[in-house]
There are 2 protein chains.
Amino acid sequence: MPRQVDYEGRRRRIADAVCALIAHSGMEAVSLRDVATQAGVSMGAVQRCFRTKEDMLLFALEHISQHVSDRANQRIAATSTPQAASTLLSHTLAELALLDETSKTQAHVWLAFVAHAPASEKLAAVLHDTYAKLHDLIAWIIRYGQDTQDFPRTLDPDREAHMLLALADGLTVHVLAGHHSPATALTTLQRHIDHLLEDASRRC
Amino acid sequence: MPRQVDYEGRRRRIADAVCALIAHSGMEAVSLRDVATQAGVSMGAVQRCFRTKEDMLLFALEHISQHVSDRANQRIAATSTPQAASTLLSHTLAELALLDETSKTQAHVWLAFVAHAPASEKLAAVLHDTYAKLHDLIAWIIRYGQDTQDFPRTLDPDREAHMLLALADGLTVHVLAGHHSPATALTTLQRHIDHLLEDASRRC
DNA sequence: CACGTTCTGATGCGCTTGCATCGTATCCTG
DNA sequence: CAGGATACGATGCAAGCGCATCAGAACGTG
């Protein structure tokens with residue numbers, strides 16, 4: 001047999017390079033040569049990992065989708081120590097909104113893919129799937145909160161998940177566009193959640 | 001004198017062509033040649049109207065920003081027949097969210113520019129300004145509603161404007177990403193506004 | 001009607017792009 | 001250690017890019 005190479009690892013490295021380039025100078029600045037340089041490999045290596053440029057971009061999107069989903073899921077899995085459902089909800093959403101400085105890159109990339117989706121059927125499919133997963137995740141948390149009596153039963157989990165996810169995404173966009181700071185966005189998010197629980201419980 | 005040309009009109013035509021191209025196949029598919037073809041003029045004409053490609057993109061963004069702002073402002077100006085502030089608010093936001101099929105193109109373009117903003121200082125500035133204007137607009141409507149006693153005084157106009165605008169943007173993203181339909185998004189938006197007014201007034 | 005000015009569309013240039021090719025270096029197997 | 005399969009990276013290639021150039025068409029003016 002010939003020599004073995006850690007393809008999966010390299011694919012990830014390349015995906016990271018793609019994301020870095022997109023975050024820094026937009027999607028149309030991504031060329032195979034620049035990606036190779038950024039990833040510290042030769043152009044040939046990039047071509048061996050991905051048959052075409054579109055394959056590469058698709059992998060990068062799946063890579064970052066996975067990354068975001070995983071972080072949110074970990075947040076839930078780590079709830080071995082009993083945690084109030086409301087805290088769980090707000091923390092998860094705050095993470096999904098990609099507000100902290102570390103996530104800014106991912107937010108850029110995510111948005112770039114959303115903007116580019118109409119041009120690629122496959123990209124759109126990945127985005128759709130990811131959104132569906134995130135929606136289910138939020139709805140699950142809300143139901144969990146209702147089970148533990150933290151959230152009022154009057155809430156419709158699906159509708160509220162819908163609403164919260166849209167709010168989180170909107171805040172992400174606003175922060176990226178420089179319309180306001182991550183801190184302000186976080187406050188707005190928290191305020192809405194508080195408002196939601198408080199009013200709904202008062203209604204009973 | 002030599003012959004006269006309606007430059008402003010042509011610039012708009014070219015801007016429309018840019019937007020059509022962006023909406024159809026993304027920002028990186030915009031080339032001077034394609035724009036010229038789409039606008040039905042020669043490449044030379046495009047180059048006479050805009051010194052560089054970036055100038056052209058900038059103008060297209062300003063063009064579409066103006067378009068969106070104008071529509072929202074018209075909505076207010078047309079309120080000669082007395083209109084409930086809540087209706088005004090929801091209609092304005094629905095328009096800003098670019099949910100109807102006609103606005104889908106504009107939504108694509110807007111998002112493409114947001115995604116591309118980090119790569120261009122000037123684009124970012126235009127986006128920032130536009131968002132500030134829209135924020136003020138929504139806050140104004142809320143204050144107006146408070147003056148006409150339609151909205152409770154307990155609402156903080158700036159905070160709620162912040163929240164509503166983010167929600168509208170998030171819904172725009174979700175519709176574009178195919179996560180749900182314009183109709184659903186509209187319902188979610190309306191539900192939040194109702195919820196807001198209802199709960200706030202109950203609090204008194 | 002002829003002049004002078006402005007506008008036009010085609011062409012050229014230098015460069016970059018995505019992708020294909022190919023000799024060489026590298027590693028596992030028998 | 002020899003052999004063969006694989007990965008590598010440099011190079012080539014056609015196409016497309018943004019932008020500059022320029023001869024001629026188109027027009028208002030004297």
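Because the model is predicted, local features need pLDDT of at least 70 and side-chain atom pairs count only at pLDDT 80 or more, while totals for chains, interfaces and linings use all residues. Residues are numbered from 1 along each chain as its sequence is written, chains are lettered from A and ligands numbered from 1 in the order in which they are written, and side-chain values use heavy atoms, with hydrogens and water left out.

## Fold of chain A

Chain A contains nine helices and zero strands, where helices (H or I, at least four residues) and strands (E, at least two) are DSSP runs numbered from the N terminus. Its pattern along the sequence is accordingly written α-α-α-α-α-α-α-α-α. Taken along the principal axes, the C-alpha atoms of chain A fill a box of roughly 65 × 45 × 30 Å.

Of the 204 residues in chain A, 53% are buried; buried denotes under 20% relative accessible area, exposed over 50%, and partly exposed the range in between (1.4 Å probe, protein chains only). Among contacts (heavy atoms within 4.5 Å) in chain A between residues at least 6 apart in sequence, 66% join residues at least 24 apart.

## Nonpolar core

In soluble globular proteins, nonpolar side chains tend to be buried together. A nonpolar core is defined here as a set of buried Ala, Val, Leu, Ile, Met, Phe, Trp, Tyr and Cys residues joined through side-chain atoms within 4.5 Å. The largest such core holds 150 residues, and the members touching the most others are A:Ile14, A:Phe113, A:Ile138, B:Ile14, B:Phe113 and B:Ile138. When residues up to four places away in sequence are not counted, A:Ile14 touches A:Val35, A:Ala39, A:Val46, A:Cys49, A:Phe50 and A:Met56.

## Interface between chain A and chain B

The size of an interface is often given as the accessible area lost when the parts come together. Chain A and chain B bury about 4000 Å² between them, with 64% of that area on carbon and sulfur atoms; buried area is the accessible area (1.4 Å probe) that two parts lose on being put together, summed over both.

B:Thr188 is placed in helix H9 (residues 182-203) of chain B and is buried, at a relative accessible area of 7%. Leaving aside neighbours within four places in sequence, B:Thr188 is in contact with A:His162, A:Met163 and B:Leu171.

## Salt bridges

Side chains of opposite charge can pair when their charged atoms come close. Two salt bridges are counted between chain A and chain B. Examples from the structure are tabulated below.

| Residue pair | N to O distance |
|---|---|
| B:Arg191 and A:Glu160 | 3.0 Å |
| A:Glu95 and A:Arg75 | 2.8 Å |
| B:Arg75 and B:Glu95 | 2.9 Å |
| B:Glu101 and B:Lys104 | 3.8 Å |

A:Glu95 lies in helix H5 of chain A and A:Arg75 in helix H4 (residues 53-77) of chain A, so this pair ties together parts that are 20 residues apart in sequence. A:Glu95 is buried at 18% relative accessible area, whereas A:Arg75 is partly exposed at 26%. In chain B, B:Glu95 is buried at 17% relative accessibility and B:Arg75 is partly exposed at 27%. B:Glu101 is exposed, with a relative accessible area of 56%, and B:Lys104 is partly exposed, with 28%.

A:Leu98, although not a glycine, has a positive phi of about 55 degrees. The residue A:Leu98 is found in the loop between helix H5 (85-96) and H6 of chain A, and is buried at a relative accessible area of 7%. For B:Leu98, phi is near 55 degrees, again a positive value in a residue other than glycine.

Note on methods. A salt bridge is a side-chain nitrogen of Lys or Arg within 4 Å of a carboxyl oxygen of Asp or Glu.
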